[in-house]
Amino acid sequence: MLLNDKTVIITGASRGIGRAAALECARQGANLVIGYSGSESSRPLVDELIGEIRSLGRDATSVGAPAGDPDTGDKLVDAAVSHFGSVDVFVNNAGICPFHGFLDMPRDTYLETVNTNLNGAYFAVQAAARRMKEQGNGGAIIAVSSISALVGGAMQTHYTPTKAGLLSLMQSCAVALGPYGIRCNALLPGTIETDINKDDLADQEKRDYMIGRTPLGRLGRPEDMAGPIAFLASDMAAYVTGASLLVDGGMFVNLQ
Ligand SMILES: NC(=O)C1=CN([C@@H]2O[C@H](COP(=O)(O)OP(=O)(O)OC[C@H]3O[C@@H](n4cnc5c(N)ncnc54)[C@H](O)[C@@H]3O)[C@@H](O)[C@H]2O)C=CC1
Ligand SMILES: C[C@H](O)[C@@H]1OC(=O)[C@H](O)[C@@H]1O
């Protein structure tokens, strides 16, 4: 197992990529702190996930707190330490992408997207890193960035800068935290079918176009992200830091 007895915190883990990553980490021997927004509607999903992790023989606890709140990182770390005694891996995954055009982008939509996806991540990564430094055993931090860190989207002008920001954050943190043995890497998913793009991909034409751009011939599934996250979290990636791992079925390189 890649993550035996490690404590892994994952934000936005109630569903989608975060959930799949949490289950894979548990399969690989980790105990989990499940970060979620705190909304009542997420609670049953979180309880179900904790049940699944326990049935895999590992343990999990949850923290309901908005990703954009600068105090959320400390709450996640406190829960990890009080339940499991350490923080070994931090996965910043929570994110939103309310599709909208640029010229009439509501200010609140822009501000909420940047706050949830990037500002909150900054403080959460800082909280996890402080604890890892204190523990003295290094650690692994993974930001779920996106293919959108590298390319644009007319309906994602508020979103793509947050994903480029996360990639940049991991690069700078790799430099800042390398001396403490803390590795920082970015995962760049392509188009993965989850709730974040359910409405967007309901448009059959758009869906077919995205599949057509993908050499592997299908959209991604949350499970496709779980192995790469577990790898980056594990000692198999002991010399990997400041890296970005594009997991997109080949979409990015498919020019013609
Ligand atoms: N699905 C895709 O095609 C891609 C997704 N991503 C990124 O992957 C990450 C996960 O997204 P998906 O699993 O695809 O979508 P999702 O919508 O299924 O999951 C997003 C998660 O973030 C949580 N979340 C949203 N706002 C939050 C808040 N204010 N506080 C705490 N948690 C909050 C949600 O509750 C949910 O658990 C996001 O950062 C997204 O930008 C990156 C590239 C592609
Ligand atoms: C939400 C989008 O469908 C998704 O998110 C991203 O980061 C990529 O742009 C994907 O297509």
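Student: Which helix gives the most to the shell around ligand 1?
Tutor: This is a predicted model, in which local features need pLDDT of at least 70, side-chain atom pairs count only at pLDDT 80 or more, and totals for chains, interfaces and linings use all residues. Residues are numbered from 1 along each chain as its sequence is written, with chains lettered from A and ligands numbered from 1 in the order in which they are written. The shell holds 27 residues (C-beta atom, placed from the backbone, within 6 Å of the ligand). Three of them come from one helix (a DSSP run of H or I, at least four residues; strands are E, at least two; both numbered from the N terminus), residues 16–27, α1.

Student: Do buried residues of α5 lie on the same side or on opposite sides?
Tutor: Thr162, Lys163, Leu166, Leu169, Met170, Cys173 and Leu177 are the buried residues of α5 (20 or more other C-beta atoms, placed from the backbone, within 10 Å; exposed means 12 or fewer, partly exposed in between). Ser172 and Val175, on the other side of α5, are exposed.

Student: How far apart are the end C-alpha atoms of α5?
Tutor: Helix α5 has 18 residues, 160–177.

Student: Is Arg207 buried, exposed or partly exposed?
Tutor: Arg207 sits in helix α7, residues 204–212. With 16 other C-beta atoms within 10 Å, Arg207 is partly exposed.

Methods: The expected span of a helix is 1.5 Å times one less than its number of residues.
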